[in-house]
Amino acid sequence: MYRSAVIAVSLLVPVVIVTDLLFRLRHRNREPKQAVAQGPSRLLRWLRVAVNIAGLLSLEAIALTGGFSALLNKDHKMTGDRLIWHVACAPAFALAAVAVTLFWAHRNRLESADWSRMTPDSWAVPLRKFFFWSAAVLAVPTMVSILLAMLPLAGTDDQETLFLVHRCCAPLLAACGTLFAYFALVTWRERSAD
């Protein structure tokens with residue numbers, strides 16, 4: 001069942017991206033033009049780009065090492081090289097997730113105007129915000145559960161429960177993080193095209 005859930009989540013992400021791309025290609029000329037605001041300083045812009053790239057790369061490294069274990073092993077256990085790579089990428093992901101959250105939290109504030117933007121021509125910003133906050137919320141139980149499972153505080157049954165929480169939240173975190181990155185790129189492209 002876990003394998004089926006990982007496959008479903010893994011297939012859902014490209015379906016959402018392709019559907020959005022096809023819709024954008026079809027309705028490309030009808031998109032409303034928005035005013036372009038003055039951007040941040042050049043140093044801050046490059047720092048934001050570096051943090052975004054580090055966050056996306058570490059997310060995908062964590063997702064691939066964990067997801068391949070679920071897809072390739074019938075018992076869904078991660079061992080050997082995949083486990084080492086997964087654990088080695090985890091600190092980079094945790095730091096990058098905190099940095100991405102700090103850089104993007106203000107820009108992704110939920111506002112009442114977001115509901116009026118849920119038109120077919122301009123849904124990228126509300127969807128970016130939704131996937132950002134979903135990923136931020138899912139990152140907490142994903143990381144905390146596996147950290148608590150590694151400490152000698154929990155018994156064997158509790159460690160299994162914490163590991164199950166990690167396994168349930170991790171694919172959703174990977175999907176929300178990837179879709180956030182996609183919609184962030186879409187909104188950046190729309191703003192730079194104006």
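Trainee: In which kind of crossing does H2 pass H3?

Mentor: H2 passes H3 in a left-handed crossing. Keep in mind as we go that this is a predicted model. Helix H2 covers residues 42-72, and its axis comes within 8 Å of that of H3, the two crossing at roughly 145°. The residues of this contact divide into 19 nonpolar, seven polar and two charged.

Trainee: How do H3 and H5 pack?

Mentor: Helix H3 (residues 80-104) and helix H5 (residues 124-150) pack at an angle of about 145°, and their axes are 11 Å apart. H3 passes H5 in a left-handed crossing. On the H3 side, the contact is made by Phe-93, Ala-94, Ala-97, Val-100, Thr-101 and Trp-104, and on the H5 side by Arg-128, Phe-132 and Met-143. These residues divide into seven nonpolar, one polar and one charged.

Trainee: Why is the pair of Phe-132 and Phe-180 called tilted?

Mentor: Two values describe a pair of aromatic rings: the distance of the centres and the angle of the planes. For Phe-132 and Phe-180 these are 5.3 Å and 55°. Centres within 6.5 Å make a pair, while planes under 30 degrees apart would be stacked and over 60 edge-to-face, so what falls in between is tilted. With its 55°, this pair is tilted. The structure holds seven aromatic pairs.

Trainee: What does the pair of Phe-132 and Phe-180 tie together?

Mentor: Phe-132 lies in helix H5 and Phe-180 in helix H6 (residues 156-193), so the pair ties together parts that are 48 residues apart in sequence. Phe-132 and Phe-180 are both buried. Ring pairs also link them with Trp-104 and Trp-133 into a cluster.

Trainee: How do you know that Arg-107 lies over the face of Trp-104?

Mentor: Arg-107 is 5.4 Å from the ring centre of Trp-104. The distance limit for a charge over a ring is 6 Å, and there is a condition on direction too, within 35 degrees of the ring normal. Arg-107 is listed as lying over the face of Trp-104.

Trainee: Why does Asp-114 count as buried?

Mentor: Buried means under 20% relative accessible area. Asp-114 has 6% relative accessibility, so Asp-114 counts as buried. You will find Asp-114 in helix H4 (residues 113-116). Leaving aside its neighbours within four places in sequence, Asp-114 is in contact with Arg-109, Pro-126 and Lys-129. Asp-114 and Pro-126 are 12 residues apart in sequence, and their C-alpha atoms are 5.7 Å apart in space.

Trainee: What makes Ala-154 count as buried?

Mentor: The cut-off of 20% applies here too. Ala-154 has 17% relative accessibility, so Ala-154 counts as buried. Ala-154 lies in the loop between H5 and H6. Apart from its neighbours within four places in sequence, Ala-154 is in contact with Gln-159 and Leu-162.

Terms used. Residues are numbered from 1 along each chain as its sequence is written. This is a predicted model: local features need pLDDT of at least 70, side-chain atom pairs count only at pLDDT 80 or more; totals for chains, interfaces and linings use all residues. Side-chain values use heavy atoms; hydrogens and water are left out. Axes are lines fitted to C-alpha atoms, for helices over the stretch in contact, and angles run from 0 to 180 degrees between N-to-C directions. Helices (H or I, at least four residues) and strands (E, at least two) are DSSP runs, numbered from the N terminus. A crossing is left-handed if the near helix is turned anticlockwise from the far one by less than a right angle, and right-handed if clockwise. Contact means heavy atoms within 4.5 Å. Ala, Val, Leu, Ile, Met, Phe, Trp, Tyr, Cys and Pro count as nonpolar, Asp, Glu, Lys and Arg as charged, and the others, Gly among them, as polar. Rings of Phe, Tyr and Trp (its six-membered ring) pair if their centres lie within 6.5 Å; planes under 30 degrees apart count as stacked, over 60 as edge-to-face and the rest as tilted. Buried means under 20% relative accessible area, exposed over 50%, partly exposed in between (1.4 Å probe, protein chains only).
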